[in-house]
Amino acid sequence: MSHASEIPYRYEGSVPVGQVVGSYGHLESGEESGDTVRVAGRVMLLRTQGKLAFATLRDWTGEVQLFCLQAVTDRFDELKHLNLGDWIGADGEVVRTKRGELSVKVASWSLLAEALHGFGDKWRGVNDPEVRFRQREVDLWANEGVRDRFLLRSRVVAAIRRLLADRDFVEVETPVLHPIPGGGFAKPFVTHYNSMHADFYLRIALELYLKRCVVGGIERVFELGRVFRNEGIGPKYNPEFTMLEAYQAYADYHDMAELQEYLISGAALEALGTTKLVFQGRELDLTPPWRKATLEEVVEEVTGVEVNLSMGSDELRRIASSLAVEIPERFDAGQVLTEIYDKTTEPNLWGPVHVSDYPESVSPLTRNHRSRPGYVERITPIAAGRELGECYSELVDPADQRARFEAQVADRMKGDDEAMPMDEDFIRALERGMPPTGGIGLGVDRLVMLLADVHHIREVLLFPALRPEAGQAPPEA
RNA sequence: GCGCCUCUAGCUCAAUCUGGCAGAGCAACGGACUCUUAAUCCGCAGGUUCUGGGUUCGAGUCCCAGGGGGCGCACCA
């Protein structure tokens with residue numbers, strides 16, 4: 001039996017439940033306020049008792065009890081037969097019951113939506129991951145804390161925008177469809193543009209277009225957007241994720257490390273009210289300034305082994321082997337050094353710490369170090385054993401950039417399918433003159449994971465990537 | 001891609017180890033109840049135990065194959 005025809009098109013004047021609870025905390029048990037309010041939300045629990053009924057009504061600001069009396073409440077018998085999960089709106093006086101529960105004593109009410117499917121065990125909700133992630137709407141209202149986590153995410157993103165605006169950064173939107181994938185190391189998704197008879201790539205990074213904005217005179221520019229990487233799914237990996245990149249003219253990587261601290265600690269402060277948090281049971285203090293250390297220093301701290309790029313490839317490979325780190329044949333000394341750091345050190349840095357100065361061969365868009373040959377000016381902010389982002393002194397010399405791309409193309413020929421292709425458009429932009437510029441990248445999902453204290457990226461993505469459901473054929477089979 | 005684990009009522013889970021009538025709570029349905037708080041009480045109903053095959057007098061349970069899902073590894077800057 002459908003009640004669709006009863007559902008109004010509009011429901012006016014309802015007050016957030018949290019506001020009702022906040023405003024009438026002073027009522028004594030058994031006291032009636034004399035004030036009538038209208039509330040709306042989902043019926044979470046229903047306790048009927050003859051000529052009395054109590055319902056728990058939840059909206060996105062909180063819960064309040066509905067107190068219903070046969071003698072007072074319209075359509076009382078109908079109300080007693082609502083389903084858990086139905087949406088209703090109710091008008092009534094704010095009272096506190098004899099047993100002390102703040103309530104709306106319902107005079108009249110309207111059905112606003114019917115829940116035709118159950119929503120799991122009323123105490124334990126739904127555990128099945130298949131339901132939690134494929135039918136997230138169920139997870140959002142059946143499981144404690146899930147919706148709050150996404151509200152937290154929203155606050156983090158809003159905070160990042162505001163903090164950047166406060167430093168005069170301008171937000172832009174650049175193409176998602178790229179003729180040449182660039183700006184990072186990753187396998188792209190390929191798509192086809194019918195009217196151009198050409199393949200395009202979903203972007204793997206924002207970098208190259210944003211730098212062209214700087215060349216064009218947008219001196220502080222950022223984009224907060226989705227990027228796509230054709231990779232496996234894991235606790236920290238989803239094939240599409242949200243990345244912040246920001247570029248600032250006249251700044252170097254130290255300035256950008258400071259910007260990272262400002263954004264990360266500022267987002268924590270705005271979203272959580274503090275920069276001192278607990279992640280997976282361990283304290284983490286994001287209050288700036290963060291410690292700075294070179295890559296070699298942190299490797300030595302964690303492993304007790306001294307490493308240095310000037311040791312050369314053979315010596316570094318011997319060290320890697322002694323630390324049980326496997327190294328692919330094609331790696332050069334810089335890649336070996338970075339691999340040792342990635343495998344042995346980074347997961348053990350609780351931080352927060354800025355790890356600085358990476359080998360040139362792993363950073364083809366980054367400017368050479370001003371005093372350390374073979375290195376580039378790159379800092380990675382690490383907290384809780386994870387990389388939150390990147391900070392760079394950007395490479396601005398077009399000739400150098402061309403040489404780096406050529407080295408990448410050579411790697412690609414050797415079988416590295418994540419090495420960057422040549423991008424002539426980008427080089428031409430640099431040839432028009434790019435001022436000294438600092439850049440950052442920040443993984444928004446991983447930042448939210450840290451602040452929300454969850455260990456799986458699925459918990460901070462509303463609709464994480466899942467295998468297509470069996471039996472769900474694509475539109476064009 | 002490799003390894004491990006898992007699949008029982010709408011939901012959350014027992015029964016599986018050690019083969020012997022497939023169960024409970026919640027939800028649903030019917031009823032009682034004027035202060036409940038995961039209300040309580042009475043009643044009723046609910047199953048292709050993921051699928052297929054095998055062993056056995058007898059399989060939810062053991063074996064094989066397949067499927068869904070999870071976790072780990074690999075991939076992943």
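Modeller: With a term. Two strands pair if DSSP finds at least two bridges between them. Keep in mind that this is a predicted model.

Biologist: How many bridges pair β1 with β2, and in which sense?

Modeller: One bridge to look at joins arginine 42 to its partner in β2, arginine 58. Two bridges are enough to call strands paired. β1 and β2 are antiparallel, and their bridges number seven.

Biologist: Which strands make up the closed barrel?

Modeller: The barrel has five strands, with mixed pairing. Direction ignored, neighbouring strands in this sheet are turned against each other by 50° on average. The order is β1-β2-β3-β5-β4.

Biologist: Which element gives the largest share of the surface near RNA strand B?

Modeller: There are 44 residues around the RNA, and Gly50, Phe54, Thr97, Gly120 and Gly232 come nearest. The elements that give two or more residues are β1 (32-49), β2 (52-59), β3 (62-69) and α3 (129-134). The largest share is four residues, and it comes from β1.

Biologist: Which residues does valine 448 contact, leaving aside its neighbours within four places in sequence?

Modeller: Set aside the neighbours within four places in sequence, and the contacts of valine 448 are Leu152, Arg153, Val156 and Val460.

Biologist: Against which elements do the buried residues of α6 pack?

Modeller: First, the residues themselves. In helix α6 (residues 207-215), Glu207, Leu208, Tyr209, Leu210, Lys211 and Val214 are buried. After α6 comes glycine 217, with a positive phi near 105°. The buried residues of α6 pack against β10 (220-228), β11 (240-249), α12 (424-431) and β19 (437-443).

Biologist: In the open sheet of three strands, which strands stand at the edges?

Modeller: The order is β7-β9-β8, with antiparallel pairing. β7 (177-178) and β8 (190-193) each have a single partner strand, so one side of each is left without a neighbour in the sheet. The edge strands are therefore β7 and β8.

Biologist: Which residue of β9 is the bridge partner of tyrosine 193?

Modeller: Four bridges join β8 to β9 (residues 198-202), and the two run antiparallel. Tyrosine 193 has its bridge partner in β9, alanine 198.

Biologist: Is aspartate 168 buried or exposed?

Modeller: Aspartate 168 lies in the loop between α5 (146-166) and β6 (170-171). Aspartate 168 has 9, so the residue is exposed.

Biologist: Last, what share of the residues of chain A count as buried?

Modeller: Chain A has 13 helices and 19 strands. Along its principal axes, the C-alpha trace spans about 85 × 55 × 45 Å. Of the 477 residues, the share that count as buried is 36%.

Note on methods
Residues are numbered from 1 along each chain as its sequence is written. Chains are lettered from A and ligands numbered from 1 in the order in which they are written. This is a predicted model: local features need pLDDT of at least 70, side-chain atom pairs count only at pLDDT 80 or more; totals for chains, interfaces and linings use all residues. A residue is near a molecule or strand if its C-beta atom, placed from the backbone, lies within 6 Å of it. Two residues are in contact if their C-beta atoms, placed from the backbone, lie within 7 Å. A residue is buried if 20 or more other C-beta atoms lie within 10 Å of its own, exposed if 12 or fewer, and partly exposed in between; C-beta atoms are placed from the backbone. Axes are lines fitted to C-alpha atoms, for helices over the stretch in contact, and angles run from 0 to 180 degrees between N-to-C directions.
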